[in-house]
Amino acid sequence: MIAERLFDEAAIAARVREIGGAISRDYAGKNPMIVGVLTSCAVFVADLTRAVTIPCEFDFIALSRYAEAEGISFIKDTSASIEGRHVVLVEDTIDTGLTLQYIAKTLRARQPASLEVCTLLDRPHRRIAPVDVKYRGFEVPDVFVVGYGLDYNGRYRELPELYAHGSWPA
Amino acid sequence: MVTRFAHRSEAEFARLLDFYEVEWIYEPCAFPIVRDALGNAVEWFTPDFYLPQYDLFLEMTVQSPRLQSRKNRKIRLLRETFPDVAIKLFTRRDVERVFSNRRARAS
């Protein structure tokens, strides 16, 4: 049950344009590689890469899930090497920062020229692992967010806006 | 060595940290948070976890609001007595939502 709209299409589009503009300025002449963490960030990455006005590439990684694996690992890796590349890692949401610290540690070991973090949503009050977020879409309250690629057991990804779900999954 | 956790949620949280390859120490030390007029420690506080990687202590409350207010007091005293010690309180709701988020996202 969807309870409340948090951000409408216009607000999301405006923020994505701002972030795309910032990335375009920061990475001019660097052909950055935008790496999204599947699956919830896919819509954001699709919009973000089109808001970037300089040449860039994009790729995706996917991770094992806590509920289904003994330990975290990449179940899908980047198609191209990131060595020597300027990488912008894109997440849908950062809360504890535990997922991101694992990804960042793994990717840094591959010696990219630089690695920065971009997230659509941020819940800094639950942070455990310190994370430097260079590009942040929206800070969100303590609600379960769906829409714009974010799901609740696979549902609601197709919604064009971001909503607070009425409850947290049991 | 098998760690004996005081609460099931602490064990589950430790598994979560293991999953993410984050080193943890359970109840690593006790901090004297109240002293008497002679300087003797009369009250101690033992945080649940220490994460050496982040130099961060974690305290988890999965208890009633009354017991939680006791923990809040202890954390306040710890911060006043040891301002350089970083500690984060995870409430029952925080813990549930961290796990909830990881269960409900299809990927």
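Axes are lines fitted to C-alpha atoms, for helices over the stretch in contact, and the angles between them run from 0 to 180 degrees between N-to-C directions. In this predicted model, helix α1 (residues 9-26) of chain A and helix α2 (residues 42-51) of chain A have axes that come within 8 Å and cross at roughly 55°. The crossing in which α1(A) passes α2(A) is right-handed.

On the α1(A) side, the contact is formed by Val16(A), Arg17(A), Ile19(A) and Gly20(A), which meet Asp47(A), Leu48(A) and Ala51(A) in α2(A). By class, this contact comprises four nonpolar, one polar and two charged residues.

Helix α2(A) also contributes to the interior: Val43(A), Phe44(A), Val45(A) and Leu48(A) are buried. The cover over the buried residues of α2(A) includes α1 together with the strands β2 (33-37), β3 (57-63), β5 (86-94) and β6 (114-122) of chain A. In soluble globular proteins, nonpolar side chains tend to be buried together.

The largest nonpolar core has 43 residues, of which Phe44(A), Leu48(A), Leu89(A) and Val90(A) touch the most other members. Leaving aside residues up to four places away in sequence, Val90(A) touches Ile34(A), Val35(A), Gly36(A), Val37(A), Cys41(A), Phe44(A), Val45(A), Leu48(A) and Cys118(A). A second, separate core consists of seven residues, among them Phe13(B), Tyr50(B), Leu58(B) and Met60(B).

Terms used
Residues are numbered from 1 along each chain as its sequence is written. Chains are lettered from A and ligands numbered from 1 in the order in which they are written. This is a predicted model: local features need pLDDT of at least 70, side-chain atom pairs count only at pLDDT 80 or more; totals for chains, interfaces and linings use all residues. Helices (H or I, at least four residues) and strands (E, at least two) are DSSP runs, numbered from the N terminus. A crossing is left-handed if the near helix is turned anticlockwise from the far one by less than a right angle, and right-handed if clockwise. Two residues are in contact if their C-beta atoms, placed from the backbone, lie within 7 Å. Ala, Val, Leu, Ile, Met, Phe, Trp, Tyr, Cys and Pro count as nonpolar, Asp, Glu, Lys and Arg as charged, and the others, Gly among them, as polar. A residue is buried if 20 or more other C-beta atoms lie within 10 Å of its own, exposed if 12 or fewer, and partly exposed in between; C-beta atoms are placed from the backbone. A nonpolar core is a set of buried Ala, Val, Leu, Ile, Met, Phe, Trp, Tyr and Cys residues joined through C-beta atoms within 7 Å.
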